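Work through the exercises below with the sequence and the structure at hand, and try each task before you read its solution.

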Amino acid sequence: MTDARQPRLAPLAPQAADEDARDRQTGRPADAWRALTPPEIAALQAGGSHADDWTRVQVAEPFDPSLVRRCRFAGWVRIGRLERLALTDGDLTEPVGLSDATILDSDLGDHVAIHRVGRLERCCVGDRCILTDLGELRTRPEARFGLGSAVEVVNENGGRAIRAFDTLRPADAFLWAGHRDDAEFQARLAGLTEQRLAERPGPLGPLGAGCVVRHSRILRDVALGPACRIEGADRLEDLTVRSTAEEPVQIGAGAELAHGVLAPGSRATEGAQAMHFVLGQRVTLRMGARVGHVVVGDNSTIACCEVLHSLIGPAHEQHHNNSFLIAAALAGQSNLAAGATIGSNHNSRSADGEIHADRGFWPGLCVSLKHNSRFAAFTLIAKGDYPAELDIALPFSLVSQDADRLLVMPAYWWLYNLYALARNEWKYRARDRRGRPEQAIEFVALAPDTAEQILAAQARLEQWTGLADHNHAAAGAPPPEPEALRRRGHALLTGPPEALAGLEV
C-alpha cells in the first residue's frame, strides 16, 4: 500500500510567476533588471554560489558579486542593488549582501542583508531588510495571507462566523456576528469581503521595506508591512501583518501565530499563541497568552490566560493567571481579574451559551459565569460563583450574592466609586497611542449609549417600585398595567422619602 504522505518527485525549479505581476509588485520598471555577465557568474561561482540556471538570475545596478557567498538560486531570482555597506538596527549591524542562503523564485530589494536562511521562496523582499538565521520563509502559490479565514466568534458551536480581512474592525465583527437572521445583509458582507480579498498585490509574499526577521524557525504565507520586527518566533503561518514605519508590529520569542491579521502597533511576544484571529491597533499578546477564534479591539492587552471564541471591543485588559474567556462578546473597556472564568465550556448537554456585556464590564476575583448572560454598561461583579443566567439591565451596577439571593445595586459607580470612572476615562485616553486611529473610540462614561441605558433603567426602577408598592398595599390583587405601575413608582421615588419606608423593591 502506498503511503499518501510519502515525498513525491517534482521539478526542482518552481514555475516562474507572471513577470508583469512581479514588476507591479516591486514597483520597478522591467528594464531595471539585467542579466548577469560571464565575469559576474564566474565571481559568484568562485564565492561558492551556484544556480540551476544562471540566465534566470537578474540583478540591478550597481551589483557587487563579492557580496554573495555560498548561495543557491533556483527559478527566477532578481537581486536589487548590492554595495559594500552595512545595515544598522539598534545594537544590530549586518553587512549588506547574501550568504549561506537558498533563494527560489524571489525578488530582493536594494541593500538587503540575507544571511543563514535555509529557504527563501516566492517572496518579494523590500529595501533594507535584514533576514538572518531563519529556517524557512516561504510563500505557496495558493497563499491568502490569513485573509478570508473563518473566525468563529462568540459561540463555540459556530453560527456566528465572520471572515477576516485586513481592515476588519470590532464594529464590523459585531455587525456581522450579531445579525445572522438577515440573509441579504450577510450575503452583502460576504461579497464585500471577497471584493477586498481580490485586491491581492501580486504572486509573491511581500516583505515591506526595513523589516527585520531574525532567529525564527518557520514563516509560511506571511505578508509583512514595513518595519516589522520578528525575533525568535517559532511558527508564523497564513498571516497579514499590517506594520508601518510609524507603528511597527513586533513578534517575539516563542510566538506561534496562524490564520490571522495584526494591525499596526500590535505585538505578540513571550510565547503567545493565536489561531484564527484579528488583532486591532496597539493590541498586545504576551506571557503565554492562548487565543483562538477571537477579534480583539484596539489598545487591548491579553497575557497569561486563555481567550477562545470571543469578540472583544477596545481597551480590554486581561493579564492574570488562571483566567479564561470563552464564547463572549464584550464591548470593551473591560477588565478580567485573576481567577475569573467567564463563558460556557461544555457544562451541560445543551449547546454552549454566550456572554454579552456592554463596555465597562468588570468581573472581580474568581468570578465564575457559566450560563447565557447579558450585562449593561459598567457592570461590576463581586467575587462568587453565579450558578444561573443573569440579565443585568441596570448600568453602573454592583452585582453580588447574599446567601441564596442575588443583589443588584444600581448606580454603584456614581454613588461610591466616581473616582474610578474619572480615572478610567483618563487612563484609556493616556493609553491610546495609535498614530493613525482607524476607528473613533468613546471613552467617556456618560455617553449616548450609557445615557440611553440609564433612561431605560429609570423606567424599570419606577415600574418595579410601583409593583412593590402595589403588592405591599393590595397583596393578592392583580397588578395594574406596566405604564400605570411606572407612574405610581415615579411618584413614590420623586416624593418624600418616608413614602418608601418599609418598601422592599
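**Exercise 1. Which residues are linked in a network of salt bridges?**

Solution. Keep in mind throughout that the model is a predicted one. As a starting idea, side chains of opposite charge can pair when their charged atoms come close. The network of salt bridges links Glu136, Arg138, Arg140, Arg220, Asp221, Arg235 and Glu237. The structure as a whole holds 38 salt bridges.

Aspartate 221 is placed in strand β17, which covers residues 212-224. With a relative accessibility of 3%, aspartate 221 falls under the 20% limit and therefore counts as buried.

**Exercise 2. Describe the salt bridge between arginine 78 and aspartate 107, and decide whether each partner is buried or partly exposed.**

Solution. Begin with the distance: the closest N and O atoms of arginine 78 and aspartate 107 are 3.1 Å apart, and the two residues form a salt bridge. Next, find the elements: arginine 78 belongs to strand β6 (residues 77-79) and aspartate 107 to strand β10 (residues 107-108), so the pair ties together parts that are 29 residues apart in sequence. Finally, turn to accessibility, where arginine 78 has a relative accessible area of 2% and is buried, while aspartate 107 has a relative accessibility of 1% and also counts as buried.

**Exercise 3. Carry out the analysis for aspartate 52 with arginine 72, and then for aspartate 402 with arginine 405.**

Solution. The side chains of aspartate 52 and arginine 72 meet in a salt bridge with an N to O distance of 3.6 Å.

For the second pair, the side chains of aspartate 402 and arginine 405 meet in a salt bridge at 3.2 Å, N to O. Aspartate 402 has a relative accessible area of 36% and is partly exposed, and arginine 405 is partly exposed with a value of 42%.

**Exercise 4. Which residues lie nearest the centre of the largest pocket, and which element gives the most to its lining?**

Solution. The largest pocket holds about 640 Å³ of space. Its lining is made by 26 residues, and those nearest the centre are Ala331, Ala357, Asp358, Arg359 and Asp449. Going on to the elements, two or more lining residues come from each of α3 (170-178), β31 (355-357), β34 (373-375), β37 (390-392) and α7 (448-473). The most is given by α7, with five residues. Sorted by class, the lining of this pocket has 15 nonpolar, four polar and seven charged residues.

**Exercise 5. How many cavities of 30 Å³ or more are counted, and what lines them?**

Solution. Rolling a probe the size of a water molecule over the atoms shows where empty space is left. The count comes to two cavities of 30 Å³ or more.

- The largest cavity has about 70 Å³ of space, and its lining residues are Leu168, Arg169, Pro170, Arg242, Ala263, Gly280, Gln281, Asp298, Glu438 and Gln439. By class they divide into three nonpolar, three polar and four charged.
- The second largest cavity has about 40 Å³ of space, and Asn299, Ala315, Glu317, Tyr428 and Arg431 line it. Its lining has two nonpolar residues, one polar and two charged.

**Exercise 6. Examine the backbone at phenylalanine 145, aspartate 221 and proline 62.**

Solution. Most residues other than glycine have a negative phi, and most peptide bonds are trans. Phenylalanine 145 has a positive phi, near 55 degrees, and is found in the loop between β13 (130-138) and β14 (150-152). At 6% relative accessibility, phenylalanine 145 counts as buried. Turning to the peptide bond, glutamate 61 and proline 62 are joined by a cis bond with omega about -5 degrees, and proline 62 lies in the loop between β3 and β4 (68-69).

Note on methods:
Residues numbered from 1 in each chain as written. Predicted model: local features only at pLDDT ≥ 70, side-chain atom pairs only at ≥ 80, totals over all residues. Heavy atoms only, no water. 1 Å grid on protein atoms, 1.4 Å probe; cavity = no way out; pocket = protein on both sides within 12 Å on 5 of 7 lines; lining within 4 Å. Points joined across faces, edges and corners; volume = space filled by probe spheres on them. Nonpolar A, V, L, I, M, F, W, Y, C, P; charged D, E, K, R; others polar. Salt bridge = Lys/Arg side-chain N within 4 Å of Asp/Glu carboxyl O. Helix = DSSP H or I, 4+ residues; strand = E, 2+ residues; numbered from the N terminus. Buried < 20%, exposed > 50% of the residue type's maximum accessible area, 1.4 Å probe, protein only.
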